[in-house]
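Please look through the structure shown here before reading my notes.

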Amino acid sequence: MCGLFGVRSPERDVARLTYFGLFALQHRGQESAGIAVSDSGRLTTLRDMGLVTQVFDEQKLRGLRGELAIGHTRYSTTGSSQWWNAQPLVQHGSARTIALGHNGNLTNAAELRAELAEQGHRPGTTADTEVIAALIANDPAPLADAVAGAMRKLDGAY
């Protein structure tokens, strides 16, 4: 179980909205919390171990500026409870850089991880989320098509 929250609003403080959304979803995951914001293509992410109120304070929220945000509270089911598995994960691929938060379990993650390794991807986490993010970030198709292509490869619940 994890908590996910997303918002797009050019007029609002999306980091603060996401903070309160994650606070309301804290019961879905209490290991780690994170927020990623996008501001005209610039991606800023802050994530750490702990509860939402332990990870974020006023100063940190002020540093997260943008018009798009996603947030995540984690309860690990796949991958250990370690900082590198805190989400949203940022994946720098050959086609794009994305931040991704995910709830669920992939039953074919090991196979997809092996396929990505053959293509030169070196995993930095043990979370299924990294597999999904790598598929999307390395697909040269437009973003919507890259997401759809990744989803066609995924087995499990997400």
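1. Basis of the notes. The model is a predicted one, in which local features need pLDDT of at least 70 and side-chain atom pairs count only at pLDDT 80 or more, while totals for chains, interfaces and linings use all residues. Residues are numbered from 1 along each chain as its sequence is written, and side-chain values use heavy atoms, with hydrogens and water left out.

2. The sheet. Four strands form an open sheet in the order E1-E4-E2-E3, with antiparallel pairing; strands (E, at least two residues) and helices (H or I, at least four) are DSSP runs numbered from the N terminus, and two strands pair if DSSP finds at least two bridges between them. Strand E1 (3-8) and E3 stand at the edges with a single partner strand each, so one side of each is left without a neighbour in the sheet. Direction ignored, neighbouring strands of this sheet are turned by 10° against each other on average, where axes are lines fitted to C-alpha atoms, for helices over the stretch in contact, and angles run from 0 to 180 degrees between N-to-C directions.

3. Strand E2 and its partners. E2 pairs with E4 in the antiparallel sense over seven bridges, and in this pairing Ser-32 has Arg-74 of E4 as its bridge partner. Eight bridges join E2 to E3, again in an antiparallel run; among the facing residues, Ala-33 stands opposite Asp-48 in E3, Ser-38 stands opposite Leu-43 in E3, and Asp-39 has Arg-42 in E3 as its bridge partner. E2 is mostly covered, since seven of its eight residues are buried, where buried means under 20% relative accessible area, exposed over 50% and partly exposed in between, with a 1.4 Å probe and protein chains only.

4. The turn of the hairpin. Which residue takes a positive phi in the hairpin of E2 and E3? That residue is Ser-40, with phi near 50°, in a hairpin that has two residues between the strands. Ser-40 is placed in the loop between strand E2 (32-39) and strand E3 (42-49), and the positive phi occurs here in a residue other than glycine. Ser-40 counts as exposed because its relative accessibility is 74%.

5. A cis peptide bond. The peptide bond from Gln-87 to Pro-88 deserves a look, as it is cis, with omega near 5°. Pro-88 is found in the loop between strand E4 (68-74) and strand E5 (89-92).

6. The helix pair. The axes of helix H4 (residues 109-118) and helix H5 (residues 128-137) come within 10 Å and cross at roughly 45°. That angle makes H4 oblique to H5, given that angles under 35 degrees count as roughly parallel, over 145 as roughly antiparallel, 65 to 115 as roughly perpendicular and the rest as oblique. On the side of H4, the contact (heavy atoms within 4.5 Å) is made by Ala-109, Leu-112, Arg-113 and Leu-116, and on the side of H5 by Asp-128, Glu-130, Val-131, Ala-134 and Leu-135. These residues divide into six nonpolar, no polar and three charged, where Ala, Val, Leu, Ile, Met, Phe, Trp, Tyr, Cys and Pro count as nonpolar, Asp, Glu, Lys and Arg as charged, and the others, Gly among them, as polar.

7. Leu-116. This residue has its place in helix H4, and Leu-116 counts as buried because its relative accessibility is 3%. Not counting residues up to four places away in sequence, Leu-116 touches His-121, Val-131, Ala-134 and Leu-135. The C-alpha atoms of Leu-116 and Ala-134 are separated by 7.7 Å, although the two are 18 residues apart along the chain.

8. Leu-143. Leu-143 touches Arg-96 and Ile-136, residues up to four places away in sequence not being counted. Between the C-alpha atoms of Leu-143 and Leu-22, which are 121 residues apart along the chain, the separation is 26 Å.
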